[in-house]
Amino acid sequence: MAMATASSDQHRAAASETGRIEAHGWRVALVHAAPFLGMLVLALLLPLVGNDYWALIGTRMAIYWVLVSGLNLVVGFAGHLAIGYVALLTLGAYTTSVLVAGNVMPPVPVFAALPIAAVVGAIFGVIVGLPALRLRTFYFAMSTLGFATIVTQIALAWQSVTGGGVGIAGPEFPAPFNTAWGFYFLCVGIAAFTTWLSANVARSRFGRALIAVRDAEVAAEATGISKPKMLIAIFLLAGACAAVAGGLFASLQTYITPDAFTFDLSVLFFIAILIGGRGSIMGPMLGTIILTILPEIAAPLAAWSTFLYAVLLLLIVLVMPGGIAALLDFRSRRPLASNRAIVPRPAALAGIVRRSRGDKALALRGIALSFGNVKAIDGLDLDVAPGQIHGLIGPNGSGKTTTLNVISGYYAAKGGTMTLRADALPPGMPALRARHGIARTFQTPRVVGEATVLQNVMIGGTVEGRASFVEALLALPRNARDERMLAAKARALLGVVGLEGLADVRADRLQHSELRFIEIARALMLDPDFLLLDEPAAGLSGDEIDRLAELIKAVSARGTGILLVEHHADLIFDICHQITVLNLGRILAAGTPGEIRVHKEVVSAYLGG
Amino acid sequence: MLASIIAAGLASGAIYALVGVTYNTMFSTSRVMSFTAGQLAMLGGVFGSMFTLKLGMPVVAGFLLTLVCCAIIGIITEFIAVRPVLKSLDQHLYVLSTLAVALMIQQVAAIKWGTEPQPFPRLIGLGSGIWDEKFWLPVVACALTILGLEYLYRRTLVGRAFLAIAEDNFAARALGLPERNLRIASYALAGIIGGIAGFSGGELLLAFFANGALLNFYGFVPVALGGLGNNRGAIVGGLALGLFQQAANFLVGGIFSSVAVFTLFIVVLLAAPQGLFGGASARRV
Amino acid sequence: MVISRRGVLFGSAGALGAASFSFPAPAIAGSEPIRIGCLAAITGPASAPTQGFNRGVNFAVDAINGAGGVKGRKIELVMRDTQGDPSKAVNATQELISQQKVHAIWGPLNSGEALATTPIMARAKIPNIHPCVVETLIDTSKFPNAFRMAPSNSQWDDAVRNYCLNILKVRKLAVIGDTTGYGVTAVGASVAAFKKDGAEVVYQANIDATQPDMTPDMLRMKNAGTEAIVVWTVSTGMEALMFNVRAAMNWDVPFVGHPSLSSGEIAGLVEKPENWKKVYAIGYKSCSYDGSGKLPPRSEELVARLTKGNIALNDTLLWWVAGGIDVIELFAKAIEVSGSTDAQGIIAHLNTLNKYPGYFGDYTFTPAQHNGYPTDEVVMSEASTAKNGTFALAPGYS
């Protein structure tokens with residue numbers, strides 16, 4: 001019945017939808033910005049109530065936050081446990097001080113020295129971060145720790161430049177920033193700026209991609225997110241922030257020696273983020289403020305301050321993994337309707353998903369792959385034609401999912417070729433599949449639990465964005481256009497899969513069946529030429545399976561070729577144009593549903609009668 | 001001169017190797033790298049000095065009591081910092097929880113034991129010069145520990161169960177192995193190995209709270225060099241690190257030797273992320 | 001209010017000052033307590049000196065308050081634990097100045113802390129006396145408010161050099177330190193000064209304090225023909241290791257250097273007590289006993305007072321306690337003489353002191369010279385002869 005709707009109606013509906021989203025977007029932006037503006041107002045009011053001491057503490061908070069706002073993207077968003085970031089603070093502090101003092105070249109004005117320090121910090125941010133591109137978490141934590149030690153050692157040894165153990169005077173800022181409050185306002189200003197930068201990244205497709213890499217790395221790769229590029233971009237940013245913070249820190253301290261850069265300070269930065277909550281900006285900001293002020297108001301406990309940080313860290317990990325951000329997230333405590341149903345509207349696809357040109361066919365020839373001595377796939381031929389639904393069935397361990405993984409590049413086949421139209425599809429390299437128009441879902445849904453449903457779907461369109469990282473960083477118009485486009489498309493696709501009512505709900509609050517449809521919506525964000533579905537009906541009710549079938553048919557009707565791995569024989573025989581039956585990594589049978597249904601071996605071995 | 005560099009290098013290398021084995025022992029049953037490995041070795045020295053010097057116990061009694069205390073600390077770590085985060089291993093929360101416990105151990109040691117290095121007793125009183133017991137004790141302890149572990153893993157049922165769990169956790173559980181008890185046992189065992197490292201190296205490193213952080217790093221380098229979970233790799237890596245460090249100390253001085261060790265660490269990690277001798281790796285999809 | 005014989009000496013002057021300057025002040029100012037801020041690493045590494053200084057500081061405050069205070073005003077101490085962390089020290093300094101509104105500040109001792117806090121105190125023009133050895137901290141044009149009541153690094157250096165070159169009469173020296181900021185700086189300065197005096201520095205090194213074996217370094221020193229080893233470190237573990245290696249090598253080279261060479265912890269770290277002989281640590285005339293076991297008379301009097309006040313000396317150093325007392329008395333006297341807690345008055349008074357007889361030494365300050373401790377008071381003492389926080393004078397002094 002939905003098929004009957006005139007397409008012009010749909011276009012109009014889509015247009016008004018976009019308009020609504022834009023207005024909605026502004027309101028959302030304001031709601032998101034309000035707490036930060038509130039904090040800024042509070043910061044600007046501090047001089048009315050405080051003396052020079054509070055100016056100092058306030059300045060310290062602002063400076064630490066400049067560092068943490070950048071580090072937050074590394075730790076809170078990308079999930080890399082950089083424990084030794086005090087190293088970059090040290091680097092920035094010394095670079096600024098040495099440049100201003102003129103120890104290696106003619107003295108540089110402090111406002112020129114800070115940007116130079118930022119560049120140096122950015123470069124070293126990447127160098128320190130390099131191990132994270134290849135290594136496991138603990139290794140990275142250790143290497144940042146080791147780096148923190150040697151930076152101090154070098155500061156000690158390079159006496160002619162750094163002053164060695166006696167240190168070097170911090171830079172002095174010109175008027176009006178040379179008073180306690182003048183400097184305070186400068187630091188608050190810079191902190192506000194870095195907050196804005198990090199919020200821009202966090203709320204762009206780059207921020208979502210970071211979280212996706214953190215929580216669903218495999219799915220992120222399938223959507224075409226390049227982890228190294230992403231990480232290098234934020235290591236540059238975090239390094240620059242840390243180095244600028246270092247320059248300001250040196251000025252605040254008036255004098256820096258290597259022993260000013262304690263491991264405790266590193267722990268403070270790190271724990272502030274975890275107390276604040278991963279994937280949040282306001283949380284870590286509050287965390288930084290609390291941890292800076294805690295030792296001041298709990299002076300008698302000074303000796304135990306590291307111990308208290310440690311207890312706090314343990315409690316956070318064990319009891320409150322979401323941190324402050326989770327406490328403040330009132331929306332996620334509102335109960336969801338319990339009797340909600342997924343009602344997809346496949347007809348709406350036409351206005352949203354670009355019709356596939358339909359000139360490509362995905363062809364596998366002689367693909368072979370073994371794990372140890374086990375041949376997982378052994379000489380597999382498979383063709384998926386545009387606009388066709390190709391079913392892949394077989395008993396457990398017959399190589400169905402492995403085939404999907406070979407196509408998506410998670411496994412590099414040991415033999416055989418894959419071609420997309422006339423082009424060879426390189427083995428491995430999963431992050432390149434999205435650009436080839438291949439999207440997929442997973443046997444166990446891989447979504448980012450801490451992100452909203454809408455954000456999860458938007459992740460699917462990451463490669464569709466046009467704005468560069470710098471444009472996103474500075475919130476330039478092209479990024480805003482990307483965001484509007486991605487949000488509108490994601491909302492519309494949520495409408496298609498019947499989940500638009502849950503767009504702003506955290507994904508980890510959803511039911512299993514809903515996650516399956518979210519994965520499909522995410523995959524559709526790519527306007528895929530080929531869609532690989534790995535048991536999409538598993539765990540779905542009968543009604544839901546029927547709706548899923550309609551949805552899959554509608555997608556293939558737009559020219560997308562679909563490879564469907566499934567155990568529900570009814571679904572397969574209902575909607576597939578072609579079926580391949582695998583057994584022990586080999587093709588048992590291939591043909592139309594009608595042929596397979598009467599294939600003797602299949603019937604006896606698999607269909608059970 | 002060369003002899004004394006080799007003696008000191010092998011001695012400190014043996015301690016690093018034992019700390020590396022401590023890391024591996026905890027890793028084998030839980031897939032967790034724990035920041036407490038170095039702290040256990042630090043405690044081996046501190047407890048040893050406390051029991052034998054402060055409380056005047058006989059060396060053997062002090063040694064056994066030290067091992068018991070370290071084993072208990074190991075078990076406590078398992079209970080409060082490892083078990084609660086095992087179900088979400090992929091979030092790497094263990095890095096944070098074990099770091100928290102390590103910081104707590106270090107801070108309590110600093111406040112209760114003192115921030116100055118304190119003496120460790122002469123255990124046997126054998127040898128002098130480069131044959132001084134403080135140099136050969138850690139090496140002997142390391143060798144005996146390895147022999148003991150080999151015996152445990154190859155000749156005893158419990159040891160084989162350890163290996164089975166290290167090889168394939170799910171399969172081992174499916175076979176009905178008491179996975180949880182074995183994990184607790186492995187943390188106690190790690191505590192004991194850490195304690196042996198600290199006790200045998202006590203004369204060399206003294207009873208000093210800051211040894212924990214130091215050994216954490218220097219004990220991890222052999223693990224990174226030798227490959228995660230690979231004890232033989234850790235031993236070779238540890239001894240190599242000790243010799244390298246002493247040679248660097250001698251050739252470029254105290255300040256740059258730590259820079260040299262760190263550079264070696266990063267270069268090896270980037271060139272061979274699985275370590276030079278290979279280690280455990282996991283399937284992703 | 002008489003707390004020592006010097007109290008009597010300056011009592012009349014104080015009364016005079018009060019009559020002429022503080023008369024117009026409102027009555028309330030007369031009873032308002034004098035607040036002295038103390039910045040020190042009470043906990044954490046390197047907190048031992050603070051424990052000693054604090055005994056003296058508290059003792060002096062109790063004595064003054066017990067005698068009625070300074071012109072009726074009680075002294076109130078505001079202690080802040082900096083834990084040796086410069087950031088904490090900066091916070092604490094500003095808090096003492098802006099929040100606690102202290103009238104004067106004592107400390108800090110740690111060089112990283114002092115370097116960072118001194119400009120802050122100068123900005124607030126708050127009178128400050130500290131014992132930190134770093135040369136650049138005394139600069140009367142940049143920091144006219146800061147006074148040093150202990151020897152500076154170069155004074156320590158002078159004493160060590162004097163002992164090596166003129167008393168031990170050695171020419172070939174090894175100068176070593178640890179890899180901390182202090183060790184690196186001190187070794188550099190010491191080597192330069194030895195070379196300037198024409199001595200031969202045959203070996204120079206910064207050794208990692210956690211280095212398990214000192215044999216290679218010691219062998220190199222011996223092979224280079226070292227006649228005395230000059231040590232600049234606070235790491236007692238490293239020092240004890242060197243003493244043990246020296247014994248194992250059957251080498252009788254003397255160690256000369258940093259006061260920590262005489263630290264009590266070394267007793268437990270050396271393998272045999274003899275290993276700690278022929279080690280000469282920096283000490284002070286006022287806190288050194290002679291062949292007959294006697295301290296200088298003023299110090300004997302102090303020890304008697306401290307013993308009566310149940311102040312333990314066996315686990316600390318007398319100079320720390322004496323220095324703590326002196327600081328409080330210097331501040332009290334300055335306030336008494338200038339008649340108020342006004343910062344300029346306190347600073348102006350301190351600038352007039354000439355051979356002011358403290359327990360630790362005779363202090364002399366002028367507007368152009370804030371290094372108050374006399375160099376000839378710095379001597380070498382035998383490291384292993386601690387007795388109630390004092391040491392035997394090293395051999396060779398007349």
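What pLDDT does chain A average, and what share of the residues score at least 70?

1. Confidence in chain A. This is a predicted model. Chain A averages a pLDDT of 87, and 94% of the residues reach a score of at least 70. Residues 1–8 of chain A are a stretch to treat separately: pLDDT stays under 50 there. For these residues the model has 7 contacts beyond four places in sequence. Where pLDDT is low, predicted coordinates should not be read in detail.

2. The sheet in chain A. An open sheet of 6 strands runs in the order E8-E9-E10-E5-E11-E12 (chain A), with mixed pairing. Strand E8 (438–440) and strand E12 (586–591) of chain A lie at the edges; each has a single partner strand, so one side of each is left without a neighbour in the sheet. From one strand to the next, the twist averages 20°.

3. One strand pair in detail. E8(A) pairs with strand E9 (residues 530–534) of chain A in the parallel sense, over 3 bridges. To find this pairing in the structure, look for A:Arg440, which stands opposite A:Leu532 in E9(A).

4. Helices on the sheet. Helix H15 (residues 400–407) of chain A packs on the sheet and touches strand E5 (389–393), E8, E9, strand E10 (561–565) and strand E11 (578–583) of chain A. The direction of H15 makes about 145° with that of E9(A). Helix H20 (residues 542–557) of chain A also packs on the sheet, where it touches E5, E9 and E10 of chain A. The direction of H20 makes about 150° with that of E10(A).

5. Contact between chains A and B. Chain B and chain A each put 32 residues into the contact. On the side of chain B that touches chain A, helix H4 (93–113), helix H10 (211–226) and helix H11 (231–271) of chain B each supply at least two residues. H4(B) gives the most, with 12 residues. By type, this side of chain B divides into 27 nonpolar, 4 polar and 1 charged.

6. Domains of chain C. Chain C is divided into domain 1 (5–153 + 297–376) and domain 2 (155–291 + 379–392). Taken over C-alpha atoms, the centres of the two domains are separated by 31 Å.

7. Contact between those domains. In chain C, 23 residues of domain 1 are in contact with 16 residues of domain 2. Helix H5 (111–124), helix H11 (297–308) and helix H12 (318–338) of chain C each supply at least two residues of the domain 1 side. The largest share of that side, 4 residues, comes from H12(C). The residues of the domain 1 side divide into 13 nonpolar, 9 polar and 1 charged.

Key:
Residues numbered from 1 in each chain as written. Chains lettered and ligands numbered in written order. Predicted model: local features only at pLDDT ≥ 70, side-chain atom pairs only at ≥ 80, totals over all residues. Contact = placed C-beta atoms within 7 Å. Nonpolar A, V, L, I, M, F, W, Y, C, P; charged D, E, K, R; others polar. Domains from an automatic or database assignment. pLDDT = per-residue confidence, 0-100. Pairing = 2+ DSSP bridges. Axes fitted to C-alpha atoms, helices over the stretch in contact; angles between N-to-C directions.
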